[in-house]
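Let's take a walk through this protein together. Keep the picture open while you read, and find each spot as we come to it.

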Amino acid sequence: MSHTEIPIDSPITRNSRPVPKKPAGKFHRARVWVTVMLMGLFLVTPFIKIGGHPFLMLNFIERKFIILGQIFWPQDTHLLIFLLLIFFVFVILFTVVFGRVWCGWACPQTLFMEMVFRKIEYLIEGNAAQQKRLKQQPWTNEKIIRKTAKHCIFILISLFVSNVVLAYVVSMDQLMAWYANPSVIPAGVFIFIFAFSSIFYLVFTVIREYACTVICPYGRLQGVLINKETIVVAYDKNRGEPRGKLSRDGNSGLGDCVDCTLCVQVCPTGIDIRNGTQLECVHCTACIDACDDVMLKIGKPKGLIRYDSLHGLSGGKKLRIDARIIAYSTVLALLVGAFLYLITSRKNTETTVVRATGQLYQELANGQISNLYNIQVVNKTYDTITVTLQLKDQNGLIIRPERLVIAGQSIAQDVMLIEIPAKDIKQMKTPIEIDVISNDKVIESVSTMFLAPVAKP
Ligand code: SF4
Ligand code: SF4
C-alpha cells in the first residue's frame, strides 16, 4: 500500500503537490558536492578528446558510437548490449545492497529536480511557506514577475541541456561548427532541440516527482529488489515509538520521535518515512538531515532516521552478504570478463562477403571456375587502411579487387571475382576462407562458399 499523501493514481495537478521544506544538513551538503561533480562531468565530457577524437559520442541517428575514444559501429552492437547489461546488473546489485542510492545521489532526474530546479525555485519564490502563499495569492505583479522569471530560467536551462545532449550525439566540434555557421544547421537539429527541451521543461515543471513515483520502472522494481538485508533510508520504530509531542516531563514513557513532522515536510515525494519503507522514497536523505537536527536540539542521539537494513534496525548486523548478493556479483564479474575479452579481441575492420545475385558460377576456357561476390569492408579506425585479399588454404586466385583503400570511419564496397582451377574442386559447394591483409599482416579472415557445376570424380 502506498503511504504517500498524494494518491499515486491521482491526476497530475500542480496544486496537489507537496512543497518540500528546504533541506539542509550533512547529507544534503554531501549530495551537493556529488551533484557538482556529476554535473561537471556531464558538462565537460563533450569537450574531452582522445587523439583529437571525442571521448564519448553517442550518435543514435547514424548508429555510430565513440566510447573512450574508440569507435563502435552497428556491427559492434553486441558490445553495446554487453555494456548496457553490465550497467543494469551493476544497478541491480547496487540496489540489492544499498537500495535506491542511485535515485538519491546520481539519477539525473533527482539531481536536476532537487539540486537545480528546486533550488532556483527557493531562490525566486522563497521557502516552502512563501511558495505556498505565492501559489494561493491572486495574480499580482509580484507573482507574475516571480513566475515569469522562474519559467524563463527553466526554459533557458532546458535549451542549454538539450544543446549539451546534442553535443553527445553529434560531437562538440560539429555543434560548434553549426553555431559558427547557422545557415547550414539541418532542420532536424531544430526539431531535436525543440522536442528535447520541451520534454525536459515539462518533466521538471509539471511531472516532477511523478517521474520517480509513477513513471520510472526502476522505482517500481524496488519491491522485488529490496529485502530485509538491503540498506535503506529507514525510521527506527523501536527507538522512536510511541511518538509524542515534546513535553516538560521529557517525554517519559515515550519514544524519541517528538512528532514534529519535519521529516515529512522536507520529503520531496510527500511521504512519511515513519510508516515504513515505501516505493515513493527516492533515498534523498532529506528526512535524515531534518531528524538529526531535531535530535541534536532535544539532546538525543542522531540516527532515528538513518541508512540501515531492516535486519540492522531489529538489532542485527547492518550489512550481511547473502546468496543474492553473491549471485549478482558473480553474474556481474562474468559479464565484465566477457566484455573485456570481446573488447580486446575486437578487430579494426569488419569484412562481409556475400554472393552476387544472379549467376552461380562460370566455367572458363582455361579450366578455371569463377564465382562473383560483393565485398564490404568497414574501417572502424580513424586512419585510412589499405587491404589486399588472399585465398587461405585453397588453390586459386582473387582476380579483383587488387586492393581496397578504406578511409577512416568509412565503408568500402566492391565486386570480388575468385577463380579456382576446376581440378581442385571436389564438391558443388566448397567452403573457402579469405584472408584480409594489411601491412603484410592478416587482420581478419572471412568465410564463404564457392560454387561449382558438379563434383568431379
Ligand atoms: S522519505 Fe526521506 S529519503 Fe525518502 S524521499 Fe522522503 S525525504 Fe527523501
Ligand atoms: S523528524 Fe524525527 S522527530 Fe520529527 S517527526 Fe520525523 S522522525 Fe519524529
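The shell around ligand 2 holds 11 nonpolar, two polar and three charged residues. In that count, Ala, Val, Leu, Ile, Met, Phe, Trp, Tyr, Cys and Pro are nonpolar, Asp, Glu, Lys and Arg are charged, and the others, Gly among them, are polar. Altogether 16 residues surround this ligand, and the closest are Cys257, Cys260, Leu262, Cys263 and Cys291. A residue belongs to such a shell if its C-beta atom, placed from the backbone, lies within 6 Å of the molecule.

Before we go on, a word on what you're looking at. This is a predicted model, where local features need pLDDT of at least 70, side-chain atom pairs count only at pLDDT 80 or more, and totals for chains, interfaces and linings use all residues. Residues are numbered from 1 along each chain as its sequence is written, while chains are lettered from A and ligands numbered from 1 in the order in which they are written.

The names come from DSSP runs numbered from the N terminus: helices are H or I runs of at least four residues, and strands are E runs of at least two.

Now hop over to ligand 1. It has 14 residues around it, and Cys267, Ile273, Cys281, Cys284 and Cys287 come nearest. By class, this shell has 11 nonpolar residues, three polar ones and no charged ones.

Next, zoom out. The protein chain is divided into domain 1 (19–72 + 107–208) and domain 2 (349–451), with bounds that come from an automatic or database domain assignment. The centres of the two domains, taken over C-alpha atoms, are 50 Å apart.

Look for a sheet of three strands: it is open, runs in the order E3-E4-E5, and its pairing is antiparallel. Strands count as paired if DSSP finds at least two bridges between them. E3 and strand E5 (70–72) stand at the edges with a single partner strand each, so one side of each has no neighbour in the sheet. Neighbouring strands here are turned by 20° against each other on average, direction ignored; the axes behind that angle are lines fitted to C-alpha atoms, for helices over the stretch in contact, and angles run from 0 to 180 degrees between N-to-C directions.

Take a closer look at strand E3 (residues 56–59) and strand E4 (residues 64–67), which pair in the antiparallel sense over four bridges. Met57 has Ile66 in E4 as its bridge partner. Four residues sit between the strands of this hairpin, and Arg63 takes a positive phi near 50°. In a regular strand, side chains alternate between the two faces of the sheet.

There is also an open sheet of four strands, with the order E13-E11-E15-E16 and antiparallel pairing. Its edges are E13 and strand E16 (441–451), each with a single partner strand, so one side of each is left without a neighbour in the sheet. The twist averages 30° from one strand to the next. Strand E15 (residues 429–438) pairs with E16 over 10 bridges, in the antiparallel sense, and Ser438 has Lys441 in E16 as its bridge partner. These two strands form a hairpin with two residues between them, and Asn439 in the turn has a positive phi of about 50°.

Where do we find Arg208? It lies in the loop between helix H8 (187–207) and helix H9 (210–215), and its phi is near 45°, a positive value in a residue other than glycine. Is Arg208 buried or exposed? Arg208 is buried, because 21 other C-beta atoms lie within 10 Å; the cut-offs are 20 or more for buried, 12 or fewer for exposed, and partly exposed in between, with C-beta atoms placed from the backbone. Asp259, in the loop between H11 and H12, also isn't a glycine but has a positive phi of about 50°. With 15 C-beta neighbours inside 10 Å, Asp259 counts as partly exposed.

Two peptide bonds deserve a look as well. The one from Glu241 to Pro242 is cis, with omega near -5°, and Pro242 sits in the loop between helix H11 (237–240) and H12. The bond from Arg400 to Pro401 is cis too, with omega near 0°, and Pro401 lies in the loop between strand E12 (397–400) and strand E13 (404–406).
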